[in-house]
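Here is a short briefing on one structure.

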Amino acid sequence: MAIVTLENVKKIYPLGKTEVIALKEISFEIEKGDFISIVGPSGSGKSTILNLIGCIDIPTEGIVKINGTETKNLSDTKITELRHSTIGFIFQSFNLLPVLNVYENIEFPLLIGKSKLSKTEKTIQAEHIDYLISSVGLLKWKTHKPNELSGGQRQRVAIARALVTKPQIVLADEPTANLDSKTGEEIIELMKHINKELNTTFIFSTHDQNIFSIADHIIKLKDGVIVENFRQKA
């Protein structure tokens, strides 16, 4: 079964007395463990697709399914649970909390809506966070604040934070846009390694040719329509 399914999805946004059609009856499936690149010019619908998969928005028409569950009619509580248990987000602007250090920023999603943990649970959680910090190469910067880190290091923190809830899907909106080319390549290699090691599904909205070149699955958009949908050979 596909981990993500879109069936005849249409998305319309009101704009004053007119309407903007962001997506026009698009359909596709994403398999678990895919490293997928959604590409196209600005305004083609890339971010709209990420918002629909991430349950930040709902389709005007059509069906969006995550792990076989249709999202459109879920309650706010169920949507929050689905996001927290299944989906991680990586943003081009990092979105780190400036008052928290590396460890605390990564830990933050685990604290939302959680009751008090037992001593054993705290230990297991701390070990998991340390494992992620080590995986993204930031052990030496564990207690540093975001303003003490480079752009590449901040994006590494954002990746670890996205993975801390052990999501099946990570959505990355232009994750290398604010990085220099060398740092961007390192971040892409890191995400590809995590994809292979943990079988985490990565879905990118991107203009980055480096992501495009190593993606397993590519969807090209233009004016809200899929113009190409294909898998690349390894």
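A salt bridge here is a side-chain nitrogen of Lys or Arg within 4 Å of a carboxyl oxygen of Asp or Glu. The side chains of Asp 34 and Arg 231 meet this definition, with N and O 2.7 Å apart. The model is predicted. Across the whole structure, a search finds 9 salt bridges.

- Asp 34 sits in the loop between β2 (18-30) and β3 (35-39), and Arg 231 in strand β10 (residues 225-231), so the pair ties together parts that are 197 residues apart in sequence.
- Asp 34 has a relative accessible area of 3%, so Asp 34 is buried.
- Arg 231 is partly exposed, at a relative accessible area of 49%.

**Salt bridge Lys 65 to Glu 7**

- Lys 65 pairs with Glu 7 in a salt bridge, and the closest N and O atoms are 3.9 Å apart.
- Lys 65 is partly exposed, with 26% relative accessible area.
- Glu 7 is also partly exposed, with 31% relative accessibility.

**Salt bridge Asp 130 to Lys 142**

- Asp 130 and Lys 142 join their side chains in a salt bridge of 2.9 Å, N to O.
- Asp 130 is in helix α4 and Lys 142 is in the loop between α4 and α5, so the pair ties together parts that are 12 residues apart in sequence.
- Asp 130 has a relative accessible area of 27% and counts as partly exposed.
- Lys 142 is partly exposed as well, with a relative accessibility of 26%.

**Salt-bridge network**

- A network of salt bridges links Arg 156, Lys 182 and Glu 186.

**Largest pocket**

- The volume of the largest pocket is about 550 Å³.
- Its lining has 20 residues, and His 84, Ile 87, Phe 89, Pro 109 and Ile 112 are the closest to the centre.
- Two or more lining residues come from each of α2 (76-86), β6, α3 and α5 (151-163).
- Strand β6 provides the largest share of this lining, with 4 residues.
- By class, the lining of the largest pocket has 10 nonpolar, 7 polar and 3 charged residues.

**Second largest pocket**

- The second largest pocket holds about 240 Å³ of space.
- Its lining consists of 11 residues, and Leu 110, Gln 125, His 128, Val 164 and Lys 166 lie nearest the centre.
- Helix α4 (residues 119-135) gives the most to this lining, with 4 residues.
- Helix α4 also holds Asp 130, the partner of Lys 142 in a salt bridge.
- The lining of the second largest pocket divides into 4 nonpolar, 4 polar and 3 charged residues.

**Nonpolar surface patch**

- Leu 97, Val 99, Phe 108, Leu 111 and Ile 112 make up a nonpolar patch on the surface.
- Together, these five side chains' residues have about 460 Å² of accessible area.
- Leu 97 is located in the loop between β6 (87-91) and α3 (102-111).
- Leu 97 has a relative accessible area of 33%, so Leu 97 counts as partly exposed.
- Ile 112 belongs to this patch, and Ile 112 is also among the residues closest to the centre of the largest pocket.

Conventions. Residues numbered from 1 in each chain as written. Predicted model: local features only at pLDDT ≥ 70, side-chain atom pairs only at ≥ 80, totals over all residues. Heavy atoms only, no water. Patch = residues over 30% accessible without salt bridge, like charges linked within 9 Å, V, L, I, M, F, W, Y side chains within 5 Å. Areas by Shrake-Rupley, 256 points an atom, 1.4 Å probe, with all protein chains shown as cover. Buried < 20%, exposed > 50% of the residue type's maximum accessible area, 1.4 Å probe, protein only. 1 Å grid on protein atoms, 1.4 Å probe; cavity = no way out; pocket = protein on both sides within 12 Å on 5 of 7 lines; lining within 4 Å. Points joined across faces, edges and corners; volume = space filled by probe spheres on them. Nonpolar A, V, L, I, M, F, W, Y, C, P; charged D, E, K, R; others polar.
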